[in-house]
Amino acid sequence: MRTTDLIFSAVYLIALAIAASQISQLSDTTSTVVSSHLFPWVVLGTGLVMGGLETVRTVVAGNPAGAPTFRQVWEHAFKWRRLLLFVLFVVYLLAITTVGFMPATAVFCFATIILLSPKRSLREVILAAVITGATIYLIYLLLVVYLQAFLP
Amino acid sequence: MYDLVLSAAGSVFEPATLLAIMLGVAGGLVIGSIPGLTSTMAIALMVPITYAMDITFALPLLMGVYCGAISGGLVGAILLNIPGTPASAGTCLDGYPMAAKGQVMRALGLGVYASMLGGVLSGLALVLIAPLLAKVALSFGPWEYFSLVVFTFSCISAMSSKGRTIKAFMAAFIGLAIALVGLDESSGQVRMTFGITAFESGFNELPALIGLYAIPQLLADTDDIGRRATMLKVDYQMRAFMSAFGEVISRSRDLLRSTVIGIVIGILPGVGPGLSNIVAYGQARRASRSPERFGKGELPEAVIAPEAANNASMGGALIPMLTLGIPGDASTLMMLGAFMLHGLDPGPLLFRDHGEIVWIVFLAYFVAFAFCTVLYHFFIPLIVKAVSVPRQYVIPVLLILCTVGCYALNNRMFDVYCFLGFGLLGYFLQIARVPVLPVILGLILGPMAEEQLNLALAFSNGSILPFFTRPISAVILFVAAASLIAPMIFNRKRSLPEPAE
């Protein structure tokens, strides 16, 4: 866990430092009472101090007894079903603009149910088809009929 | 005031609004009863859908969802020993053992009636306290508001687990930094956009909130696929269910204590039903004449206490949200998002300028609890069935609904990509065991903090002294400092060696 904590602190510090580098691009007029730099500096400056404190704390405190190892943490984070769902979802979002909202949604819903199921059977396929149909109908009602949204 | 109440009653008691509340409660009960799906998720799903609705219809619907989802958590806790929502974690401790002894309906009855009474009593507190607090808040200047935001952030130390306080503050700064992106209203300049035009209007709060909560939760929920939780067999004896009402009334002292705990914890920013139910359980045990019988499913007060407290937190959490615009918990954060979506800024001015809306919220709250109790009486078998719905059917549907909701906000894919981006951020925060709630607090309260700080400094010619010389501001800052220091003292005391007996 300690390595993960250090990685988090490092990413956090880098992100805030990059954000802080943007503050200099802001300008103030002479009549300004409160500088436009003030609040961003308060936020990013204090945030950077917090990141520094946490890094020192993690290094000094060491690995607490019973804490999961680096490998355990990331193995858990990248369990195959989680990864599969994430990949399917990203592909779905990318497909929306090219394939169209409804077809992409139908394929995503059906494929996700089938691929996530612990066992595949004809019953599962029929259920997936029914749920997909119902979801598509619900979304059509919601988006097109009720919200009158323009589908991508 | 009476004309406002009557006008609000006219809106709430319209058949269509009543139906919306009932459907909201039913949907909330189903989502809340499914372990892993929280009330925050239920509201997150519904908020974008209410976009096209009239606010007098949308808010009652959302109150129904909120109430149903918090109450629904008890079913999973009692039947599966898995709380449907964190708000029912304490209910598992005695609810499940009681149900395992063949008293499922008694346990459910105790939970349902305690929820109803706790919720209604906290609703009364909401109606009594909120207008008074709003009146006081009308005299607040930017100094007091900024101090309140500081106090809200100081509560982060209380909501974080031991050794993770700094991380929780870092999370808040992530939210504050994200809130900086876009147009700076005071100077009219765009900032932190890195040249990306889409960032110039900043991030819409709702896709961010939904992404941070829904995606990590749904990814984690895939772990439950194929895992068969052993659900207790339910013998639907309504007599046993209804006789629990008498037991709840006879434990009025436990009920009242837990309700007060729930309200007080609910009012504190950032902590809500997730903590109050555990604290109330602990206090009920401490006050009991036979604490050794807790955890065995023998005592009704062990089920009453956590359920009364978690529902009481709802009313408590709505108090700072409505009067000051500061959310009491994650679910009220979503409710705050709903208000903002409809162009309303919760705060004292809401009471002055939109009194009818406030009363609609109050009345819808009570109606939602009434529907919740009624629905439990008639649809227990259906709610029980919802607990065991396989996750592979639920997860893709919820992801699609979240996507639709984010898209429908502005009819643009950018919000959907933000939803994904914030979801990824939430997931990596989850891996690093960093709480997500402070990020959202930072995101929502960041603009308010900046605006109030700028105003305060402008009014006082750049001096920070009024923050400490204005009495209310000074008191709020003192309490904020105390809430920062107190956990450190308590932790130190805890880590001291126990004195030898």
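**Talking through the model**

Modeller: Let's start with B:A368: leaving out residues up to four places away in sequence, B:A368 touches B:I21, B:V25, B:M63, B:G64 and B:C67. Contact here means C-beta atoms, placed from the backbone, within 7 Å. This is a predicted model, where local features need pLDDT of at least 70, side-chain atom pairs count only at pLDDT 80 or more, and totals for chains, interfaces and linings use all residues. Residues are numbered from 1 along each chain as its sequence is written, while chains are lettered from A and ligands numbered from 1 in the order in which they are written.

Biologist: Why are α4(B) and α6(B) called roughly antiparallel?

Modeller: Helix α4 (residues 55–79) and helix α6 (residues 104–137) of chain B pack at about 155 degrees. Angles run from 0 to 180 degrees between N-to-C directions, and over 145 counts as roughly antiparallel, so that's what α4(B) and α6(B) are.

Biologist: Which residues of α4(B) meet α6(B)?

Modeller: B:C67, B:S71, B:L74, B:I78 and B:L79 do.

Biologist: What makes A:S117 partly exposed?

Modeller: A:S117 has 19 other C-beta atoms within 10 Å. Buried takes 20 or more, exposed 12 or fewer, and partly exposed is in between, so A:S117 is partly exposed.

Biologist: Where is A:S117, and what is in contact with A:S117?

Modeller: A:S117 is in the loop between α5 (101–116) and α6 (122–146) of chain A. Setting aside neighbours within four places in sequence, A:S117 is in contact with A:E124 and B:Q392.

How values were computed: Helix = DSSP H or I, 4+ residues; strand = E, 2+ residues; numbered from the N terminus. Contact = placed C-beta atoms within 7 Å. Parallel < 35°, antiparallel > 145°, perpendicular 65-115°, else oblique.
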